[in-house]
Amino acid sequence: MRKHGPWLLIVVIALLAWPPQFYPESVRLTLTSWFGADSYRPLPATKPAAQLSPEVYCPPDPSGWRDAQLIDGVEIAESKPCVADNPYTVAAFVKGTNNVSEATLLASGLTADAVEKGRDLDGDGDPDEIHIRLEVAELNGSSPIDKSKVTRYAIAPGIEPGMWVFTPKFVGMAVENFESQQARFSLRLPSPAIRVEQGDVVTVTLENSHYMPHTLHLHGADHGFVTASGQGNDGVPTTSEMPVMPGNARSYELTPRVAGTMYYHCHVQAHVHVMMGLQGLFVVEENRPNNWLQTMNIGAGLVRAPSQATREKFSQEYDLHYMDLDQQLSERIQHDNDPRLVTQSMHRDYDITDATTDYFTLNGRSFPYTFRESLIVADTDETVRLRVVNGGAKGIALHTHGHKFMVTHRDGVPLPEQSLALQDVVWLATAQRVDLALSFVNDGLHAYGRGIWPFHDHQNNGVTNDGIGPGGNISAIVYEDYLRADGWPKTQGVSWDNYFTAEYYRREVPVWSSYAPGLLGEAGKDWRLFVRLLILALCSGALLAVAFGALRRR
Ligand SMILES: [Cu+2]
């Protein structure tokens with residue numbers, strides 16, 4: 001008996017420490033029949049809620065950029081949500097950066113050759129020679145100096161995926177100032193929507209300011225395979241041309257004969273470059289007299305100087321660019337800033353066939369930031385034109401609350417009259433475009449009346465930020481009387497404080513804790529279980545020690 005004493009003692013302690021919830025069902029039933037039912041185990045205490053500091057929902061507009069205004073003779077429409085484009089940039093895009101006053105050009109931040117407008121070739125009162133210059137910028141990449149990301153651009157609180165974008169040519173630094181790594185206001189996702197007129201003689205020069213080769217492919221827009229001088233013009237390295245190497249430039253030419261909502265993107269290693277953000281809307285507007293177009297729409301969104309054809313039928317026009325991002329791809333530029341290592345990581349180590357999508361953006365932002373700048377604000381009886389592109393890797397099921405819209409064009413081509421129908425979900429395959437007519441007539445079919453009506457991808461991963469909801473591409477159709485003077489909608493549901501913290505999207509905040517702290521707060525650790533498991537672990541160790549001791553004595 002003395003010989004087996006240590007064994008037995010350890011086994012008895014282990015059995016006593018064994019957590020009752022780990023007993024097999026049959027043992028638990030037997031024990032209950034012998035000793036009666038066990039009492040409920042007490043629940044662990046609720047942890048006190050962490051003190052969070054939410055961001056300001058609706059940043060102020062000290063420069064009055066939201067207001068309707070007349071700049072250099074260009075009428076700029078009011079932009080009602082909290083955050084609006086720089087109206088001087090809009091004016092420069094309408095008149096041409098070579099034609100605006102020096103003061104406007106300075107306030108626009110653009111270079112004098114960013115968008116040059118030349119002669120009126122058809123004599124109808126607007127310029128038809130358009131020369132657009134694009135550069136390539138990296139956002140949230142890695143810095144050779146320290147661990148922080150450069151140039152920083154958040155799609156939602158605390159979420160800064162690495163991205164590449166085409167950008168108009170700006171003067172000066174990419175960051176706000178010498179102390180900040182934040183991207184300057186106009187440097188952002190998505191690449192700008194480009195607008196030209198049917199029949200314009202358009203040159204788009206890609207000045208490759210990036211460390212990778214890139215091209216420009218005009219998806220759906222009428223362009224020749226080669227330029228007038230015989231250079232490749234389709235942007236495809238395998239078939240039409242050598243890509244534009246870092247520090248070089250090349251010009252693409254087109255005179256589009258057909259109007260419609262088209263698309264442009266880089267075609268170098270397209271499975272990664274396009275998904276990094278090198279893509280934008282390319283709109284060909286119908287030819288009209290005095291059609292001064294807003295050649296670029298930074299961040300897409302409201303077109304503040306719409307075309308004549310849009311004014312004929314619609315009260316407003318919005319560009320809606322949907323795009324999803326794969327964190328495993330975008331973080332590759334955050335580990336290295338040696339082009340050889342980025343190329344290896346992106347083109348050899350990364351495997352898109354194993355990819356998942358993590359972030360879902362509308363006009364370069366995810367919820368809740370979408371509510372700062374991508375609301376559709378209108379009033380009863382308006383009809384609004386939406387030009388939508390899905391630039392993501394997966395399809396989207398775009399759904400509107402409170403309204404049914406009409407798909408008037410698909411991939412830029414008008415649909416035949418007999419196929420026009422109202423719907424509240426439209427499917428967009430990757431790279432597909434639809435033009436939607438959204439009517440605000442309150443007849444129970446087109447619209448159900450005033451309010452704040454969300455619109456979003458109805459596939460449920462699209463309304464999350466890496467699996468945390470609400471997030472993703474949720475925005476809203478807001479009637480004017482549901483909008484505060486500062487541009488924030490008068491929502492009447494839960495507080496948005498959690499959504500405006502990075503902690504919420506880092507999975508650190510119990511979703512309902514502020515409403516029912518005891519019931520739905522953060523559960524503390526079960527210390528009894530921990531102590532029992534610790535004793536079990538010690539017993540196992542002791543048993544092993546006893547066993548080895550016995551073996552050594554033999
Ligand atoms: Cu590229």
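This is a predicted model: local features need pLDDT of at least 70, side-chain atom pairs count only at pLDDT 80 or more; totals for chains, interfaces and linings use all residues.
Local features need pLDDT of at least 70 and side-chain atom pairs count only at pLDDT 80 or more, while totals for chains, interfaces and linings use all residues. Residues are numbered from 1 along each chain as its sequence is written.

Start with the whole. The protein has 13 helices and 29 strands. These are DSSP runs, numbered from the N terminus: helices are H or I with at least four residues, strands are E with at least two. Along the principal axes, the C-alpha atoms fill a box of roughly 110 × 55 × 50 Å. Of the 554 residues, 40% are buried (20 or more other C-beta atoms within 10 Å of the residue's own, with C-beta atoms placed from the backbone). Among contacts with a separation of 6 or more, 69% join residues 24 or more positions apart. Two residues are in contact if their C-beta atoms, placed from the backbone, lie within 7 Å.

Next, the annotated regions. An unreviewed UniProt entry lists residues 188-287 and 349-458 under "domain: Plastocyanin-like". Such annotations may be inferred rather than shown by experiment. Residues 188-287 are 4% helix and 34% strand, with end C-alpha atoms 30 Å apart. Residues 349-458 are 5% helix and 43% strand, and their end C-alpha atoms lie 33 Å apart. The unreviewed entry also gives a "transmembrane region" at residues 529-551. That span is 100% helix and 0% strand, with 33 Å between its end C-alpha atoms.

Now the helix pair. The axes of H1 (residues 5-17) and H13 (residues 527-553) come within 9 Å and cross at roughly 160°. H1 is therefore roughly antiparallel to H13 (an angle over 145 degrees). Axes are lines fitted to C-alpha atoms, for helices over the stretch in contact, and angles run from 0 to 180 degrees between N-to-C directions. H1 contributes Pro6, Trp7, Ile10, Ile13, Ala14 and Ala17 to the contact; H13 contributes Arg532, Ile535, Leu536, Cys539, Ala542, Leu543 and Val546. These residues divide into 12 nonpolar, no polar and one charged. Here Ala, Val, Leu, Ile, Met, Phe, Trp, Tyr, Cys and Pro count as nonpolar, Asp, Glu, Lys and Arg as charged, and the others as polar.

Last, helix H3 (residues 87-95). Nine of its nine residues are buried, so H3 is largely enclosed by the rest of the structure. Among the buried residues are Tyr88, Phe93 and Lys95. Their cover includes strands E2 (69-71), E3 (74-76), E4 (115-117) and E15 (296-297), and helix H4 (102-108). Gly96 follows H3, with a positive phi near 100°.

Methods:
Angles under 35 degrees count as roughly parallel, over 145 as roughly antiparallel, 65 to 115 as roughly perpendicular and the rest as oblique. A residue is buried if 20 or more other C-beta atoms lie within 10 Å of its own, exposed if 12 or fewer, and partly exposed in between; C-beta atoms are placed from the backbone.
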